[in-house]
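Here's a walk through the model, chain by chain and contact by contact. Keep the structure open as you read.

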Amino acid sequence: MFDVIIIGGGVIGCTTARNLARYDLNVALLEKASDICEGQSKANTAIVHGGYDAKPHTLKAKYNVTGNGMFDKVCSELDVPLKWNTSLVAAFSESGIPKLEELKHQGEVNGVHGLSIIGRDEIIRREPNISRSVCAALLVTNGGIVCPYELTIANAENAAENGVRFYRNAPVTKVEKDGGQWRVQSGAGTFTSRAVINCAGLYSDVINNMVSENKFHIKPRRGEYYIIDKSYAGTFNASIFQLPTKMGKGILVTPTVDGTLLVGPTAEDIDDRDDTRTTSGGLAKALKFGSATWEHIPMRDVITTFAGIRAHCDRDDFVIGEAQDAPLFFNAGGVESPGLTSSPAIGEYLADSAAEKLGAKAKKNFNPIRKSIPKFREMTDRERAQAIASDQDYAKIVCRCETVTEAEIRASIRRPVGARTIDGIKRRTRTGMGRCQAGFCTPATIKILCEELGISPLEVTKFGGKSKMLDRYLFDKGGGNHA
Amino acid sequence: MRNVDIIIIGGGPAGLAAAVSAYESGCRDILILEREEKLGGILKQCIHNGFGLKMFHEELTGPEYAKKYIDKVIAYGIPYECDTMVIGISDDKTVTAVNRVNGVQVFKAKAVVLAMGCRERPRGALAIPGYRCSGIYTAGTAQRLVNLEGIMPGKKVLILGSGDIGLIMARRMTFMGAQVLACVELMPYSSGLKRNIVQCLDDFGIPLLLNHTVVDIKGRERLEGAVVAEVDPETKKPIPGTEQCFDCDTLLLSVGLIPENELTKMAGVKLGESTKGAEVDESLETSADGIFSCGNVLHVHDLVDFVSKEAEKAGANAYRYVKGDMKKTGGGVEVKNGYGVSGTVPQFIHPESMDEPVNFMFRPKGVYKNAEICVEAGGQRIYSRKSRILSPGEMVNVQLSPEVFKQVPCIEDVTVKVEA
Amino acid sequence: MEKEITCIGCPMGCSITADIGKDGKINSLSGYSCGVGKKYAYGELTLPKRMVTSLVYVRGTNKPLPVKTSAPITKSKIPECLGAIRSVSVTAPVRVGDIIIKNVLGEDADIVATGEII
């Protein structure tokens with residue numbers, strides 16, 4: 001029996017969990033996939049949006065702006081990489097300039113500061129590699145980039161360290177009233193709780209519509225991306241947007257906090273919420289539009305492509321707060337972009353709302369600080385020597401592309417809400433995210449996972465479920481033969 | 001900080017041959033740094049035969065070929081550290097390495113030989129659309145899993161890329177009980193040896209689909225199928241309507257190698273555009289003083305025998321450098337890739353001070369029958385030889401003596417080309 | 001009966017056609033462009049042979065031992081040969097060159113270790 005059950009382990013759910021951990025409450029988070037951060041939160045553009053794009057007086061605008069202002073503190077407390085690299089919304093023809101003025105004005109109405117329109121010369125001075133057909137741009141000084149999966153995982157780790165229970169492989173099948181409680185049926189068992197917070201992203205409508213007559217519907221909208229090798233770090237400094245369309249913010253060319261560059265996302269309405277395929281049409285579109293900004297996208301240095309699906313809601317805005325007809329059932333519904341930017345604000349709001357309604361007291365010993373796994377690649381030689389002295393596994397480099405050591409991989413498994421899969425290790429350490437895309441490190445990573453979890457290599461999965469990595473041993477342990 | 005005369009980064013075929021050669025040239029202060037548990041590099045997992053025909057006139061397997069050099073390293077007492085990763089190198093030859101036993105070690109070398117080999121190009125680099133499921137491996141990773149770890153990655157296999165590593169794995173997977181459905185090749189020809197086509201595909205009735213590629217991946221969690229389409233030979237774009245789906249749970253990729261030049265770049269060494277490896281001169285010295293390069297990290301080879309020969313030169317020259325015996329005048333003359341030629345190594349030569357034969361090694365850009373390989377210098381043709389067939393899958397080796405260059409008065413550049 | 005093979009002598013990969021009599025003897029051969037090809041074709045079309053490399057189970061571990069035939073064996077016997085290799089196992093120590101199976105399938109070739117286990 002819990003005080004609060006959070007459904008969904010993306011950035012919203014994990015942020016809400018961390019904020020609830022500030023209170024004396026019994027909190028559980030149920031995540032349907034084999035790991036947290038398997039949905040939108042791992043497949044987005046990683047932008048901390050300035051807040052000019054959202055329509056005024058919407059929840060998107062409100063939470064974007066508030067959330068943006070919270071990022072410094074959150075990333076500092078949680079030791080998450082954050083860079084205020086600014087955003088530029090670029091117009092590549094004169095006819096786009098009025099739209100820039102519109103966005104500037106919209107931003108100011110939303111309460112965004114530091115917006116200005118800059119001309120071609122200034123743009124090229126800032127961004128020497130931008131296409132020369134650029135005419136003008138909206139300069140957004142409070143635009144930034146963050147690591148979205150490290151943010152999600154950091155929130156979860158901090159929440160767990162402060163008492164929140166995490167259940168993975170726990171898809172929720174039913175939420176219903178049971179007397180004065182909520183009864184939640186899931187793949188990890190049936191739970192009862194005084195309050196439920198719906199952070200189920202692409203399935204937030206399904207969960208909401210189980211308990212509320214105030215229904216909404218998610219219309220999945222897929223976006224496809226290219227990732228360019230970090231040898232191109234510095235090609236662009238700001239995150240370069242194009243003019244937004246009714247489908248979204250358009251295709252960006254942006255650096256990431258890791259030095260790679262993203263080109264994307266496209267925007268395509270699809271039927272299947274789980275259809276995370278990349279498509280030849282979508283990728284071609286990303287390149288075509290991306291090359292308006294970056295004329296010669298280096299195709300030989302693409303390291304991979306991916307797709308994410310936005311939880312676009314038919315209300316065209318977030319659905320945040322207690323459902324009017326379902327007391328103590330709270331929604332974070334239809335959280336698509338600017339969801340990542342809004343997450344600190346949404347998480348705080350939902351947690352505080354629930355806590356207040358439950359009459360909860362603040363926890364005396366809540367520790368807001370979470371330290372990331374010390375990264376060998378960021379250490380000085382002296383720090384490296386010290387790290388190795390205290391843990392020999394820091395001397396074994398497993399991922400050559402990203403310089404990730406065995407110590408970090410083991411830590412990623414051992415920490416609260418630790419990795420249980422290849423992708424889980426990937427997201428917590430960057431192992432396998434480099435130019436050889438896990439070709440080199442996979443055998444060693446599988447071995448470490450088996451040692452830490454006491455499982456056989458044949459049980460290791462890429463991301464849970466049926467995503468087994470291997471098929472069989474050549475030889476049985478017991479005897480010589482295999483047909 | 002420890003002083004070492006010659007540090008060799010990589011204990012695979014290139015590093016081993018360079019070490020042995022440096023020793024046999026007289027060097028007694030050599031250190032091999034190898035990141036795997038054992039010496040041998042990629043040869044440890046190449047359990048098939050075909051190595052050493054030219055070098056030893058024997059048909060050896062990879063481990064046996066490596067053993068010939070490892071035995072010498074041990075017999076000569078050449079120091080080596082395994083399980084040791086070089087994480088830093090500067091242009092003044094300060095080398096930083098880490099291992100469990102010694103932690104962080106900093107060495108100051110008089111000469112360095114870069115012999116780091118390659119990693120493989122992944123699916124992501126080809127941007128193959130579809131699901132990002134498990135079951136997709138580069139051929140080399142699968143080879144390691146099968147031959148070193150004793151684990152089969154899957155049961156029903158499709159292979160993309162008909163280079164030798166893909167062909168070898170077609171046979172290996174078949175031998176170990178998997179079903180290999182086809183080998184899919186983008187180009188109109190295979191870059192693998194004819195012998196491998198016959199003995200890895202034809203012998204088992206595995207079809208080779210030229211002018212084809214994989215256009216979609218099916219299977220949300222584990223691979224379930226790969227959609228293959230024919231491509232236009234000119235544009236390489238898939239031809240609509242030619243798609244066929246192969247039901248498979250394993251896709252092995254043999255689609256190119258990435259020379260491991262992270263350290264090379266760190267040392268400030270200039271890399272060549274077409275080889276993606278260091279730019280070197282006839283002695284295999286890079287643009288950084290006393291830093292040499294050889295093997296697959298310099299340019300991708302087909303035969304390990306030529307890796308060894310090249311590495312021998314690099315090792316011997318590294319010792320000449322240490323002794324102060326390298327006489328080079330000026331920056332050298334550029335070696336240009338003429339018609340039909342790609343990736344010629346070395347990229348520079350010093351015709352006036354050359355005192356040993358130079359080996360120009362390059363890859364033909366296409367398939368040429370009854371063509372002539374020519375080298376021109378100072379406006380004169382200084383070499384030509386006829387060849388019944390030239391193909392991108394077989395590296396060409398042209399050896400020229402210093403006298404040939406000395407006969408030409410004013411050499412501003414050298415061009416290697418094919419006349420078809 | 002007509003049979004066609006690809007010569008593996010060089011990248012030309014000449015397509016060699018043979019007319020083979022009922023007794024398996026080669027009546028005529030065409031398509032080769034050099035002596036290497038002619039010799040290869042005769043061998044390949046009368047009694048094709050192959051070197052076989054594979055892996056042997058090492059008791060007590062999953063890491064296999066690489067092995068090879070000490071000489072080429074009859075191509076049609078490859079599956080049987082692989083079966084013979086699968087049916088044995090070894091334990092440490094094993095040196096390169098150690099004979100794992102003597103005179104495999106009566107083919108005048110042994111299965112020998114190409115790696116070592118210390």
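## Chain B as a whole

For a chain of 420 residues, a compact globule would have a radius of gyration near 22 Å, and chain B comes out at 22 Å, so the two agree. Bear in mind that this is a predicted model. Along its principal axes, the C-alpha trace of chain B spans about 65 × 55 × 40 Å.

As for what chain B is built from, its secondary structure amounts to nine helices and 28 strands. Of its 420 residues, 58% count as buried. Take the contacts in chain B with a separation of 6 or more, and 65% of them come from residues 24 or more positions apart.

## Domains of chain B

Chain B is split into three pieces by the domain assignment: domain 1 (1–120 + 256–326), domain 2 (122–255) and domain 3 (330–420). The centres of domain 1 and domain 2 of chain B, taken over C-alpha atoms, are 31 Å apart. Where these two touch, domain 1 of chain B puts in seven residues and domain 2 of chain B puts in 10 residues. On the domain 1 side of that contact in chain B you'll find one nonpolar, three polar and three charged residues.

## Strand E21 and its two partners

Now look at strand E21 of chain B, residues 333–337. One partner is strand E23 of chain B (residues 348–349), which pairs with E21(B) in the antiparallel sense over two bridges. The other pairing to look at is with strand E28 of chain B (residues 413–419), and here the sense is parallel, over four bridges.

Which residues sit across from B:Glu334 in these pairings? In E23(B) the bridge partner is B:Phe348, and in E28(B) the bridge partner of B:Glu334 is B:Asp413.

## Where chain B meets chain A

Next, the contact between two chains: 38 residues of chain B touch 45 residues of chain A. Several elements of chain B supply at least two residues each to that side, namely strands E6 (85–89), E7 (94–99), E8 (103–114), E9 (118–120) and E11 (151–152), along with helices H3 (123–126) and H4 (139–147). H4(B) gives the largest share, with four residues. Sorted by class, the side of chain B that touches chain A holds 18 nonpolar, 11 polar and nine charged residues.

There's also strand pairing across the two chains. Strand E23 of chain A (residues 472–473) pairs with E11(B) in the antiparallel sense, over two bridges. In that pairing, A:Tyr473 stands opposite B:Ile151.

## Domains of chain A

Chain A also gets three domains: domain 1 (2–41 + 149–217 + 315–357), domain 2 (82–145 + 219–313) and domain 3 (376–459). Domain 1 and domain 3 of chain A have their centres 30 Å apart, taken over C-alpha atoms. Their contact draws 11 residues from domain 1 of chain A and nine residues from domain 3 of chain A. Helix H5 of chain A (residues 148–161) gives the most to the domain 1 side, with six residues. By class, that domain 1 side of chain A divides into seven nonpolar, one polar and three charged residues.

## A closer look at A:Tyr167

A:Tyr167 is in strand E9 of chain A (residues 165–167).

What does A:Tyr167 touch, once you leave aside its neighbours within four places in sequence? A:Ala28, A:Leu29, A:Leu30, A:Glu31 and A:Ala188 are its contacts. A:Ala28 is 139 residues away along the chain, yet its C-alpha atom is separated from that of A:Tyr167 by 7.4 Å.

## The sheet in chain C

Chain C has an open sheet of five strands in the order E8-E5-E6-E10-E9, with mixed pairing. Strands E8 (89–90) and E9 (99–101) of chain C stand at the edges with a single partner strand each, so one side of each has no neighbour in the sheet.

Further in, E5 (residues 53–58) and E6 (residues 65–69) of chain C run antiparallel and are joined by four bridges. Here C:Thr53 stands opposite C:Lys68 in E6(C). Helix H2 of chain C (residues 78–86) packs on this sheet and touches E5, E6, E9 and E10 (111–113) of chain C. The direction of H2(C) makes about 20° with that of E5(C).

Terms used
Residues numbered from 1 in each chain as written. Chains lettered and ligands numbered in written order. Predicted model: local features only at pLDDT ≥ 70, side-chain atom pairs only at ≥ 80, totals over all residues. Pairing = 2+ DSSP bridges. Nonpolar A, V, L, I, M, F, W, Y, C, P; charged D, E, K, R; others polar. Domains from an automatic or database assignment. Axes fitted to C-alpha atoms, helices over the stretch in contact; angles between N-to-C directions. Rg over C-alpha atoms; globule rule 2.2 N^0.38 Å. Buried ≥ 20, exposed ≤ 12 C-beta atoms within 10 Å, placed from the backbone.
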